Amino acid sequence: MANDATHRPPLHAVLPPLVLGTATFNTQYVSDPHSMPYRDIVAHALSLGVNAFDTSPYYGPSETLLGEALDALVHPSPTPSSSDGANGNSDGHNQARAAVPVPRSSFFLVTKAGRIASSEFDYSPAWVRYSVLRSLRRLRTAYIDMVYLHDVEFVTPQEVLAAVRELRRLRDEDGVVRYVGISGFPVPTLCSLAEMILAETGEPLDAVLSYGNFTVQNRTLGLPWVDGGAAAAEEGFGQGSSPLERFKRAGVDVVLNASILGMGLLTTRGIPVTPPETDEGGGSRSGTKVSLLAHWHPSPPELRAACKRLVNISAAAGERLESAVIRWSLAEWARLAADAGLGVDIATPGVGPRKIGVTVCGVTTIAELEETVAEWRGVLSCLGQPLSHGDEPYGAARQEKVLNLVRNELWPELRSWLDYVWDSPKPGYVNTRSEADRGVVPDDGIVAAFEKAKQSRTTATFAPNR
C-alpha cells in the first residue's frame, strides 16, 4: 500500500505536544510491569487529553502492554449493566452495554527499532523491517505513526543511513509507518547524523528525540539559549553551532525532549550513590524501583550525591524536587523549541496557531500522570490557554516561583555537575550482536504473514490476533 510522503501533513501539524512515554512499563523501572495499572494509566491519559504514546521493543513488555491497553479502548468488550423496567427492560436481566470505542486516528503512536538489548544492536534493513512488523502485532495496529531508530550512537553512521532508508521504504511502499526519526543521548552525534541524513538522501528527518539532555541538571540541548543565556539569546537564532541551530539547518521538523527527571536522578528518592546488594543471580534483593535503577543508571556516584542535595533545597522552598523539575523542563522546552522553530502547532484562544516544544513524560502511577498533566496545563495557561477548574495553583505565579528556584538555588548547588554529560556508549563498548547475525530474523511467521497480506492487497487489515 503506497503512502506518498508528499501528501502527508508535516509532523509539526499532527504531533501532540505532550507524549506519554512507556519506558516505565519495563523491569528497569518496576519489578513487575504486568502488575502496574497500565490499562488505567493509558485510559486516563486519553481522558486527560494526552493522546500520544511512545514505546520501544527494547522496553521489555512495554509494546505488548501498551498495545493491550489501547486495543481494549479501540475494540472495547460489551460491559454488563443492571436494567430495570424504567429503562424499557421489564425482565430485569443484565444487558450488555457497548462501550464507545476510541478511534485509532484519535491518538499518535510511536515506537523504535534497532536496539535489541543493552549492548546488542541490529540496524540492518532486514531486522528493521522485521522489528516494525513485529511492533505492529504487539501494538495491535495496522500502522505506526512514527518510528525512531533507537540510540543511534551505538552503531556507525552508515548503519543509521541504511536503516533510515528502510524505514522510509516501509513508509512509502508499505504504508505502515508515517514519520521517521532518530533517538539517542549524545547531542553532537544526533546533530551530525541529522546533517548527514539530509546530505545523503536530500530529505530531512521528521523528528529527533533527545533524552536526558534538557533537565535541571543537564541543559545541553538548549544551550546557550536556556534561561541564564540572555546574552546569547539577544543575538537570535542563526548560523551558530548550537544544537538547536544545527537541527534547524538540517531540516529537522520537530525535536522532542524526554527523560526530564534524568531517568530517576532528579527525584526525591534519587539514585543511591552505592547500588544495593544483589542476589546470587545478580538481581536486586529488594526488587524496588530505586534499587533496579541503581544498577543500570549511567550516572557517576558524585553526580547522584549532588542531585540528592537538591531534595532538601526544594523542600525548604515548599516544593518536591520532581515537581519543580517537571515544571521547569516542561515550561522551558515549550518556549525554547518554539523559539527555534522545532516545536508543534497548538491553537491559542485569541491568538491563533503557535509553536510549542514537545516533551515525552513517563509515569508509573495515576497520581504521577495527574501531576504531570496539571503542570502541563499550567504551562499552557502561561501561553494563553485557560486554566481548568482545580488547576489554578499551577498558573503563572507557580511557574515564576519554580524558574527562580532553579536559577537561584538549584543550579548554584550543582556546581561543577551542572551540564555534566556521561559517556554514551561507555568506553570499551562492543556490539554483542555479531556481524554474521545482523539481518538474521526469526522464522516466526511475522514477515511471511505481512507479505501474504500485502500480496492480497489487504495490508491495512494486518493486525495481531487479539
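**Note on helix packing in the predicted model**

1. At 1.5 Å a residue, the 19 residues of helix 10 should span 27 Å, and the end C-alpha atoms of helix 10 are 27 Å apart, which agrees; the expected span is 1.5 Å times one less than the number of residues. Helices here are DSSP runs (H or I, at least four residues) and strands likewise (E, at least two), numbered from the N terminus. Helix 10 is mostly covered, with 17 of its 19 residues buried, where buried means under 20% relative accessible area, exposed over 50% and partly exposed in between, with a 1.4 Å probe and protein chains only. Glycine 341, which follows helix 10, has a positive phi, near 75°.

2. On the basis of the note: this is a predicted model, in which local features need pLDDT of at least 70 and side-chain atom pairs count only at pLDDT 80 or more, while totals for chains, interfaces and linings use all residues. Residues are numbered from 1 along each chain as its sequence is written, and side-chain values use heavy atoms, with hydrogens and water left out.

3. The secondary structure of the chain comes to 13 helices and 14 strands, and 53% of its 466 residues count as buried. Among the contacts (heavy atoms within 4.5 Å) with a separation of 6 or more, 76% are between residues 24 or more positions apart.

4. Helix 10 (residues 321-339) and helix 11 (residues 366-381) have axes that come within 9 Å and cross at roughly 40°; axes are lines fitted to C-alpha atoms, for helices over the stretch in contact, and angles run from 0 to 180 degrees between N-to-C directions. The two helices are therefore oblique to each other, given that angles under 35 degrees count as roughly parallel, over 145 as roughly antiparallel, 65 to 115 as roughly perpendicular and the rest as oblique. The crossing is right-handed, that is, the near helix is turned clockwise from the far one by less than a right angle. On the helix 10 side the contact involves Ser323, Ile326, Arg327, Leu330, Ala331 and Ala334, and these meet Glu371, Thr372, Glu375, Trp376, Gly378 and Val379 of helix 11. By class, this contact has six nonpolar, three polar and three charged residues; Ala, Val, Leu, Ile, Met, Phe, Trp, Tyr, Cys and Pro count as nonpolar, Asp, Glu, Lys and Arg as charged, and the others, Gly among them, as polar.

5. Helix 10 also packs against helix 12 (residues 396-414), their axes coming within 9 Å and crossing at roughly 105°, which makes helix 10 roughly perpendicular to helix 12. The contact of helix 10 with helix 12 has ten nonpolar, two polar and three charged residues.

6. For helix 4 (residues 157-174) and helix 5 (residues 187-201), the axes come within 11 Å and cross at roughly 60°, so that helix 4 is oblique to helix 5. Their crossing is right-handed. Pro157, Val160, Leu161, Val164, Arg165 and Arg168 of helix 4 meet Leu193, Met196, Ile197, Glu200 and Thr201 of helix 5, a contact of seven nonpolar, one polar and three charged residues.

7. Helix 2 (residues 62-74) is mostly covered, ten of its 13 residues being buried, including Glu63, Glu68 and Asp71. Its buried residues pack against helix 1 (38-47), strand 2 (52-54), strand 5 (108-113) and helix 3 (125-139).
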